[in-house]
Amino acid sequence: MPAARGRIAKSSAATRGKKRAEQVRSATTRASLVAAARLLFGSKGFHDTGTNDLVALAKVTRGALYHHFRDKQDLFEAVYRQVSTELSDAARLATLELAGQTWARMIAWVRVYLDLIARDRELQRILMIDGASVFGWRRWRELQCEYRLPGWVETFRLLIEKGCDFLIMDDGFQ
């Protein structure tokens, strides 16, 4: 009986190891597809990027593409989400020194955010140009709200708690 338990334990460990290796391969494949898509969507645009281009650049099969994503639009959404997250994080990090100065930080965040978009054609194409045309207006707005609305709601809550008067601001904004 003890020998049988040993074989079962080894078998279970081997199965866990294979599953882990499979998960790593799957994550690597997905990351390769997203990276390739980001590069191509950012440079050529969604409509001028074919799935053959995507799988060739990612060095994966067409089957791998459709295993991880329903279609090219689903892959575009993954890229859109990644870019949105990175952009918001970059703006947040750039304004950390203004922690505790909610109004000043909000204004600085918007300026940094817009400046980052203005300087980067990839961001412009993915977020501002192709986003609306690929998703349609309603879905595009939903995604924008998903990434930005929670932060804005929290910011306005903090400003209201501090008794901020939105009509008269000390920095000239009215």
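Among the contacts in the chain with a separation of 6 or more, 65% are accounted for by residues 24 or more positions apart. The model under discussion is a predicted one. It contains seven helices and zero strands, and reading along the sequence gives the pattern α-α-α-α-α-α-α.

Of the 174 residues in the chain, 34% are buried. The chain exposes about 11100 Å², and 58% of that area is supplied by carbon and sulfur atoms.

## Helix 4 against helix 6

A packed pair of helices is described by the angle between the two axes and by the distance between them. For helix 4 (residues 72-94) and helix 6 (residues 121-135), the axes come within 10 Å and cross at roughly 140 degrees. Angles over 145 degrees would count as roughly antiparallel; the two helices are therefore oblique to each other. Helix 4 passes helix 6 in a left-handed crossing.

On the side of helix 4, the contact involves Gln73, Phe76, Glu77, Val79, Tyr80, Val83, Ser84 and Leu87. These residues meet Leu123, Ile126, Leu127, Asp130, Gly131, Val134 and Phe135 of helix 6. By class, the residues of this contact comprise ten nonpolar, three polar and two charged.

## Helix 4 against helix 5

Helix 4 also packs against helix 5 (residues 102-119), where the axes come within 9 Å and cross at roughly 135 degrees. Helix 4 and helix 5 are therefore oblique to each other, and their crossing is right-handed.

Helix 4 contributes Leu87, Ser88, Ala90, Ala91, Arg92 and Ala94 to this contact. Their counterparts in helix 5 are Arg105, Trp109, Val112, Tyr113, Leu116 and Ile117. The residues of the contact divide into nine nonpolar, one polar and two charged. Leu87 of helix 4 takes part in the contact with helix 5 and also in the contact with helix 6.

## Helix 5 against helix 6

Helix 5 and helix 6 have axes 5 Å apart and pack at an angle of about 105 degrees. Since angles of 65 to 115 degrees count as roughly perpendicular, helix 5 is described as roughly perpendicular to helix 6. The contact is formed by Leu116, Ile117, Ala118 and Arg119 of helix 5 together with Arg121, Leu123, Gln124 and Met128 of helix 6. Five of these residues are nonpolar, one is polar and two are charged.

## Buried residues within the helices

Which residues does glutamate 77 contact, leaving aside its neighbours within four places in sequence? They are Phe135, Arg139 and Leu143. Glutamate 77 is found in helix 4. Its relative accessible area is 14%, so this residue is buried.

Glutamine 124 lies in helix 6 and, at 19% relative accessibility, counts as buried, the cut-off being under 20%. Not counting residues up to four places away in sequence, glutamine 124 touches Ile117, Ala118, Arg119 and Ile129.

Alanine 64 is located in helix 3 (residues 62-68). With a relative accessibility of 15%, alanine 64 is counted as buried. Apart from neighbours within four places in sequence, alanine 64 is in contact with Thr29 and Leu33. Alanine 64 and threonine 29 are 35 residues apart in sequence, while their C-alpha atoms are 7.5 Å apart in space.

## An exposed loop residue

Is lysine 59 buried or exposed? At 75% relative accessibility, lysine 59 counts as exposed. Lysine 59 lies in the loop between helix 2 (51-58) and helix 3. The backbone of lysine 59 has a phi near 60 degrees, a positive value in a residue other than glycine.

Terms used. Residues are numbered from 1 along each chain as its sequence is written. This is a predicted model: local features need pLDDT of at least 70, side-chain atom pairs count only at pLDDT 80 or more; totals for chains, interfaces and linings use all residues. Side-chain values use heavy atoms; hydrogens and water are left out. Axes are lines fitted to C-alpha atoms, for helices over the stretch in contact, and angles run from 0 to 180 degrees between N-to-C directions. Helices (H or I, at least four residues) and strands (E, at least two) are DSSP runs, numbered from the N terminus. Angles under 35 degrees count as roughly parallel, over 145 as roughly antiparallel, 65 to 115 as roughly perpendicular and the rest as oblique. A crossing is left-handed if the near helix is turned anticlockwise from the far one by less than a right angle, and right-handed if clockwise. Contact means heavy atoms within 4.5 Å. Ala, Val, Leu, Ile, Met, Phe, Trp, Tyr, Cys and Pro count as nonpolar, Asp, Glu, Lys and Arg as charged, and the others, Gly among them, as polar. Buried means under 20% relative accessible area, exposed over 50%, partly exposed in between (1.4 Å probe, protein chains only). Accessible areas come from the Shrake-Rupley method with a 1.4 Å probe; for residues, only the protein chains shown count as cover.
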